[in-house]
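Welcome, and please take a moment to open the sequence and the coordinates side by side.

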4 protein chains.
Amino acid sequence: MPATAPSPTDADLPSVFATVESEVRSYCRSWPTVLASGKDSWVTDTEGRRYLDFFAGAGALNYGHNNAHLKGALLEYLSGDGIVHSLDIATTAKQHFLETFDRLILKPRGLDYKVQFPGPTGTNSVEAALKLARKVTGRESIISFTNAFHGMTLGSLSVTGNSMKRAGAGIPLVHATPMPYDNYFGGVTEDFGWFERVLDDSGSGLNRPAAVIVETVQGEGGLNVARLEWLQALADLCHQREILLIVDDVQMGCGRTGEFFSFEAAGIVPDIVTLSKSISGYGLPMALTLFRPELDVWAPGEHNGTFRGHNPAFVTASKALEIFWSTAEFAAETADKGALVRAGLEKIALSHHGISARGRGMAQGLRFDDADLAADVCRAAFERGVLMETSGPSDEVVKLLPPLTTSPGDLQAGLDILAESVAVAV
Amino acid sequence: MPATAPSPTDADLPSVFATVESEVRSYCRSWPTVLASGKDSWVTDTEGRRYLDFFAGAGALNYGHNNAHLKGALLEYLSGDGIVHSLDIATTAKQHFLETFDRLILKPRGLDYKVQFPGPTGTNSVEAALKLARKVTGRESIISFTNAFHGMTLGSLSVTGNSMKRAGAGIPLVHATPMPYDNYFGGVTEDFGWFERVLDDSGSGLNRPAAVIVETVQGEGGLNVARLEWLQALADLCHQREILLIVDDVQMGCGRTGEFFSFEAAGIVPDIVTLSKSISGYGLPMALTLFRPELDVWAPGEHNGTFRGHNPAFVTASKALEIFWSTAEFAAETADKGALVRAGLEKIALSHHGISARGRGMAQGLRFDDADLAADVCRAAFERGVLMETSGPSDEVVKLLPPLTTSPGDLQAGLDILAESVAVAV
Amino acid sequence: MPATAPSPTDADLPSVFATVESEVRSYCRSWPTVLASGKDSWVTDTEGRRYLDFFAGAGALNYGHNNAHLKGALLEYLSGDGIVHSLDIATTAKQHFLETFDRLILKPRGLDYKVQFPGPTGTNSVEAALKLARKVTGRESIISFTNAFHGMTLGSLSVTGNSMKRAGAGIPLVHATPMPYDNYFGGVTEDFGWFERVLDDSGSGLNRPAAVIVETVQGEGGLNVARLEWLQALADLCHQREILLIVDDVQMGCGRTGEFFSFEAAGIVPDIVTLSKSISGYGLPMALTLFRPELDVWAPGEHNGTFRGHNPAFVTASKALEIFWSTAEFAAETADKGALVRAGLEKIALSHHGISARGRGMAQGLRFDDADLAADVCRAAFERGVLMETSGPSDEVVKLLPPLTTSPGDLQAGLDILAESVAVAV
Amino acid sequence: MPATAPSPTDADLPSVFATVESEVRSYCRSWPTVLASGKDSWVTDTEGRRYLDFFAGAGALNYGHNNAHLKGALLEYLSGDGIVHSLDIATTAKQHFLETFDRLILKPRGLDYKVQFPGPTGTNSVEAALKLARKVTGRESIISFTNAFHGMTLGSLSVTGNSMKRAGAGIPLVHATPMPYDNYFGGVTEDFGWFERVLDDSGSGLNRPAAVIVETVQGEGGLNVARLEWLQALADLCHQREILLIVDDVQMGCGRTGEFFSFEAAGIVPDIVTLSKSISGYGLPMALTLFRPELDVWAPGEHNGTFRGHNPAFVTASKALEIFWSTAEFAAETADKGALVRAGLEKIALSHHGISARGRGMAQGLRFDDADLAADVCRAAFERGVLMETSGPSDEVVKLLPPLTTSPGDLQAGLDILAESVAVAV
């Protein structure tokens with residue numbers, strides 16, 4: 001039954017949100033309720049209603065809400081008056097994180113990266129990556145991809161595709177050129193034909209780029225998945241043309257696609273990697289920029305930031321690495337859960353016209369040919385107690401980012417509600 | 001005894017800092033020790049050595065380390081599985097913060113501001129402010145001031161003065177024009193002569209600005225204090241020429257100069273205000289952008305960010321407002337302490353040639369005609385158990401930003417060590 | 001016989017060229033001789049040597065050197081003390097030109113264009129076109145094409161492809177995005193796939209363009225010929241998306257391809273047209289910018305220039321229109337001559353491996369797979385008394401731009417020498 | 001008698017000007033008549049009315065209209081089928097010009113400059129100068145001055161002050177910062193206080209400039225005259241800080257202020273000089289860019305242009321140098337005439353309130369406190385048979401640029417009419 005329900009508003013929220021908070025507020029309009037607490041994959045609002053969270057902080061809560069192990073470590077640290085804020089002064093929490101990250105993440109993967117703490121958000125990590133790439137190469141131009149999302153500060157916004165968000169800059173966004181992401185032409189066109197051609201043609205008019213910035217799966221862009229061979233070809237192209245390759249793993253890193261880094265499956269080693277969102281494991285602000293040692297040409301303090309030493313996040317981050325990444329088990333489980341979700345989505349897609357499943361690992365979704373249906377489905381799911389959001393240039397994709405720790409039973413329960421929501425909306 | 005000790009290095013730190021962390025690390029080179037815990041104005045390193053903290057997280061710890069009241073509220077919230085991460089979904093913690101901020105800060109001061117949560121860092125708040133100013137006015141150019149510091153992301157960096165940090169951008173920083181900050185010419189030149197003249201001359205070549213961004217006291221710039229009448233004249237000029245006035249109160253807000261907002265003493269009402277650093281009160285990442293309701297032209301989600309809903313910070317922020325800002329007492333105490341510090345500094349300045357005291361409220365310092373001495377003094381103070389840093393374009397100023405909650409006794413103890421450090425270094 | 005002769009130098013020229021003129025001088029290095037006089041398709045140097053001119057001022061001498069009719073009109077005007085320089089004051093010469101251009105060019109073709117005199121060079125006309133397009137649309141971005149050439153001033157250079165010339169700017173060239181010119185992928189790829197796709201995708205990251213600027217045949221770019229159906233599709237695309245279409249007819253206009261405007265054959269009507277080079281008919285500096293009346297939003301004097309009223313050029317321009325464009329005969333003759341040249345080139349191409357003929361109308365040439373051969377051929381031709389230059393991103397094309405008035409006999413003589421030069425060089 | 005006559009229009013001109021020419025036309029609105037011929041300082045319209053020309057092609061006709069000597073040389077060259085158009089191929093006319101310019105201008109003044117022919121307009125010469133300065137220094141930023149005028153193409157427009165003309169760009173004009181021109185503050189402020197201070201302050205936020213571009217007298221800017229000691233101080237400052245000094249002598253060069261170069265009187269040697277307007281001596285398009293040999297880092301063809309070899313202009317330019325610049329007499333006569341004009345203007349200024357004389361050499365004018373009067377005066381003068389235009393940011397200056405060859409009697413006649421026009425208008 002096609003149904004276009006009235007758009008949800010936040011009119012039912014306590015009035016302070018409308019009277020004091022800026023019009024820029026967004027999610028509270030889609031999900032007009034006041035959340036009070038959360039535990040693993042579930043959140044509870046002030047009226048006691050529970051929601052299954054298939055949104056997970058837009059990928060910042062890969063281990064769910066208030067994971068007991070992480071909570072224990074955090075409370076212990078805070079109770080003991082551990083240093084909370086330290087900029088880049090050395091602290092025990094930071095030392096422990098660096099050692100743990102090196103031991104459990106970098107060394108086992110043979111990754112020889114230096115670690116920068118750029119300021120505790122994804123966009124700050126991207127800004128640091130772009131600055132470093134320009135400084136190292138002496139070039140100014142960056143290649144981004146269609147429907148990329150890298151952040152809202154001016155540098156990151158320049159390499160972001162969304163026209164509404166770009167217009168927010170209020171100045172022309174320059175020094176970046178978009179290239180077609182994998183499968184942009186439905187597989188018809190040779191993959192790097194255009195990019196390679198203009199790079200090698202001295203008359204093409206393309207400013208020689210310092211770097212390429214890419215997401216392995218475009219979450220905000222509509223769950224567009226780059227094939228592994230496309231990523232390999234991109235890495236080869238960058239290597240041959242001496243262009244730095246930046247993988248923005250802010251949303252897809254930390255196990256979202258299975259392995260810790262989303263690029264591992266492609267067997268590539270980016271020059272620069274950005275991490276944020278789930279790196280703290282507990283939803284606490286934290287970000288890293290990783291790069292090959294040869295690129296570590298920063299002067300001390302050349303890029304800084306007040307909250308680059310957020311120690312409670314280091315504590316939960318270390319604990320999360322120990323709990324989830326000491327063995328290969330977690331990645332394997334995530335792969336299995338991803339397959340479970342994908343199977344459920346494929347089933348829904350088969351039962352309706354104009355719907356297709358897409359995604360990789362535990363970043364999965366449904367694309368609707370009739371874009372308006374995606375919002376209808378999310379609204380219906382919310383009414384049925386599941387949080388999931390839309391993405392894509394026309395908001396045509398229902399995106400599922402459940403905590404990776406969600407039980408198979410909960411995953412299935414959510415899929416069942418999604419199926420029902422689709423049936424109601426279509 | 002003039003003494004140029006060898007520059008401190010982080011060679012004595014555990015090796016992971018040098019082998020894994022990027023060369024961009026900075027403070028750990030000046031203070032080569034590993035901090036383990038903190039309480040109020042004191043921190044303790046792994047070897048049990050205690051330091052009196054006159055740095056206070058570069059202004060992010062106005063209420064000291066791990067304040068007992070705030071800690072209590074934070075532990076209670078976390079223990080109860082309160083929502084940690086929420087983007088801009090409504091939560092109980094956010095609701096409580098908005099109500100508290102409105103009740104204790106905005107309403108009593110007659111400030112009719114909308115509140116945006118831009119992403120939990122100062123630079124993100126500045127980026128939001130610049131974007132909004134450009135969107136509202138349809139103009140692109142921003143007026144900044146000599147020796148301003150507003151952040152490291154591309155938009156904020158464009159309005160920052162420091163040439164080393166600007167060079168880090170790797171691209172020409174445009175759309176901003178610097179104007180002389182108050183007293184830039186030693187009081188010789190009429191204050192706004194140049195700025196007014198080029199604004200009013202249609203042939204001046206100055207792009208008509210969207211906004212002026214200013215700090216009331218330039219902390220990073222060397223504790224340059226704008227006179228209140230200069231701030232008033234600037235506000236008048238902006239108002240008359242229909243240019244938006246942005247006060248960046250990231251470092252000087254939250255009581256650093258006495259009143260909650262540093263611009264209150266001047267009796268001005270900026271169009272846009274940025275807050276971060278001490279707004280959470282506990283060193284947790286958080287930031288706000290405030291603006292007049294007429295300027296609230298954001299579309300929902302037009303500026304977003306993963307960590308704009310950092311609820312533990314909302315909890316401590318609310319508690320800090322309740323504890324410190326329910327009455328006028330705290331501001332008065334801060335004024336008194338500022339006077340105490342200033343008197344101590346004046347005394348030191350009098351006893352040596354080429355040193356002068358400067359600052360406002362609890363942002364005070366000593367300027368050395370021989371710039372190198374400032375670092376020597378900070379090093380001597382560190383050896384004697386006090387943390388304080390240099391600032392200014394030539395690092396010629398020893399900057400004191402003690403927690404506002406520091407006891408008069410501790411303030412005096414720190415001043416005594418400073419006096420001794422000066423005596424040793426000069 | 002493959003032969004790589006030593007590069008020609010201007011060492012044999014009178015010393016003043018090397019001692020006083022800048023290193024930027026270029027053609028005098030390829031053709032190291034001092035020209036003294038010219039008549040129609042022939043020039044004579046100071047030693048009495050004659051050269052057949054298949055270069056024609058890079059397209060500025062479509063009617064040859066010192067055409068007798070134009071010369072007569074010019075001498076009469078100058079002898080009578082007609083106004084030479086007038087900026088945009090009305091003069092008899094300008095009035096006569098406007099009336100003649102309207103009567104013989106615009107009206108017969110049904111073109112309702114306003115005429116701007118922007119300054120007497122092609123690049124100035126392009127700058128005026130870009131400024132107007134941006135002013136009219138309120139957008140900043142321009143779409144240019146691979147291997148485009150539009151001029152050396154900053155605005156024109158931004159839409160020019162050649163990387164050596166772009167680097168001369170010394171600043172990043174922004175506000176323009178290159179798109180693939182027709183046949184850029186050898187016919188494999190759908191023509192406007194990429195351009196249409198990014199225009200229509202709100203998440204593509206392409207700034208919505210004010211205008212597209214295109215040459216119908218890219219002369220400097222290597223005689224790349226756009227198919228008429230490609231031009232039509234481009235015009236349709238621009239019209240549908242409300243993007244202005246600028247045809248840069250500086251080199252290909254004034255009959256070079258047969259009809260007066262090179263776009264006539266495609267049956268399209270650009271929004272803006274640039275003309276220069278041969279518009280004066282006598283090699284005198286002159287340029288026009290034409291646009292639809294609705295676009296004529298200039299304020300008086302908003303774009304100006306000292307030499308926009310170069311009356312001797314108006315005199316020869318009017319006479320050239322009267323002599324050559326009062327009937328359709330000239331265009332038809334040019335078409336025939338173009339066919340003659342093409343046949344000659346095809347014959348040469350057939351007799352050697354790795355050579356292909358290309359071009360349209362009287363802009364024809366030979367492309368060499370081995371790019372170095374093109375310069376060898378031009379050198380051999382010069383030694384044999386014919387002037388022709390190379391073009392293309394790798395200088396791989398020998399470009400023939402004979403005066404349109406060259407007799408069939410002279411055309412054949414030149415082709416014979418070209419054939420001999422190819423035989424010697426290959 | 002104060003009188004505000006209706007603004008002149010071009011309604012009385014032949015209709016083709018309104019129907020076919022763009023709205024951008026400007027001077028024909030102030031002087032609505034059709035000029036037919038000119039001789040020395042006089043022009044005649046189609047109805048036989050004669051005007052004394054105190055405008056002189058905005059400085060392009062320093063030797064008046066159709067000077068007999070130059071005309072003779074030009075007609076002889078054209079009659080003999082001399083090469084008209086040659087790009088940068090060597091020609092007899094170019095050789096003769098280079099030798100003559102070197103012999104009569106550069107050598108006697110001890111100026112060791114290389115000569116570039118950039119394209120035959122002032123703005124093209126400025127674009128070449130800016131590109132070269134950026135290429136040589138590797139810096140992007142240029143310092144310009146308040147009320148500067150350097151041209152309408154994008155690079156030149158960025159260093160031009162007029163806000164109406166700047167807005168025509170349609171994109172933000174960046175990479176340039178305006179500084180106060182001499183006497184901008186009425187002599188109150190120390191001259192280079194601001195500029196020196198921000199250059200030397202590493203925290204000022206000023207991008208380190210590649211070059212300073214300056215006019216010795218700002219013609220379009222309102223006849224603002226820089227003191228010679230100010231120019232010397234500027235040259236010293238640039239030299240000490242290793243910033244290139246560009247003197248834009250397009251309007252004030254070629255003897256307008258007395259000596260051939262307007263900077264000679266200050267005894268300075270700029271790094272780069274731009275010349276155009278009167279360099280051909282006959283109103284024919286021509287321009288030069290001069291620079292120290294060490295700066296001649298151009299690659300061949302890196303900056304080019306179709307009309308950079310406009311030989312008829314070279315012929316009249318050489319003849320003009322021989323006629324006027326073989327001895328020091330002409331400069332001395334110009335100085336005398338300048339004094340005569342100045343005396344006349346001073347006299348007028350004395351007889352009315354709110355009028356002041358200003359200028360240098362034969363660039364003189366009257367500034368009106370009531371800006372509207374300037375246009376009234378010009379209109380009254382036109383009605384009385386004298387052409388003179390307004391300038392300045394508010395068009396508040398009546399500018400007199402008579403041909404330098406104007407007889408003392410004609411100068412006095414023009415001054416008398418000006419006095420009468422002032423009397424009528426005020």
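A word on terms before we start: contact means heavy atoms within 4.5 Å. Helices (H or I, at least four residues) and strands (E, at least two) are DSSP runs, numbered from the N terminus. The model is a predicted one, in which local features need pLDDT of at least 70 and side-chain atom pairs count only at pLDDT 80 or more, while totals for chains, interfaces and linings use all residues. Residues are numbered from 1 along each chain as its sequence is written, chains are lettered from A and ligands numbered from 1 in the order in which they are written, and side-chain values use heavy atoms, with hydrogens and water left out.

Let us begin with confidence. The model scores ipTM 0.97 and pTM 0.96. For pLDDT, the predictor's confidence in each residue from 0 to 100, chain A has a mean of 95, with 97% of its residues at 70 or more. Residues 1–7 of chain A are another matter: pLDDT stays under 50 there, and the model has 13 contacts beyond four places in sequence for this stretch.

Now turn to helix α12 of chain C, residues 329–350. Which residues of α12(C) are buried? Taking buried as under 20% relative accessible area, exposed as over 50% and partly exposed as in between (1.4 Å probe, protein chains only), the buried ones include Phe330(C), Val341(C), Leu345(C) and Ile348(C). Seen down the axis, the buried residues of α12(C) fall within an arc of 140°, so they line one face of the helix; the arc is that of the directions from the helix axis to the C-beta atoms. Turned away from that side are the exposed residues Glu329(C), Asp336(C), Lys347(C) and Leu350(C). Among the elements that cover the buried residues of α12(C) are α11, β13, β14, β17 and α14 of chain C.

Two strands pair if DSSP finds at least two bridges between them, and β2(C) pairs with β3(C) in the antiparallel sense over three bridges. Four residues lie between the two strands, and Gly48(C) in the turn has a positive phi of about 85°. Strand β3(C) also runs parallel to β15(C), joined by two bridges, with Leu52(C) opposite Val386(C).

In chain A, look at strand β11, residues 272–275. In a regular strand the side chains alternate between the two faces of the sheet. Here Ile272(A) and Thr274(A) are buried on one side, and Val273(A) and Leu275(A) are buried on the other. Strand β11(A) pairs with β10(A) in the parallel sense over three bridges and with β12(A) in the antiparallel sense over four. Val273(A) stands opposite Val247(A) in β10(A) and has Leu290(A) as its bridge partner in β12(A).

Finally, chain B has an open, mixed sheet of seven strands in the order β4-β12-β11-β10-β7-β5-β6. Strands β4 and β6 of chain B are the edges, each pairing on one side only. In the loop between β11 and β12 of chain B sits Lys277(B), which counts as buried because its relative accessibility is 7%. Its contacts beyond four places in sequence include Thr306(A) and Phe307(A), as well as Gly57(B) and Met286(B).
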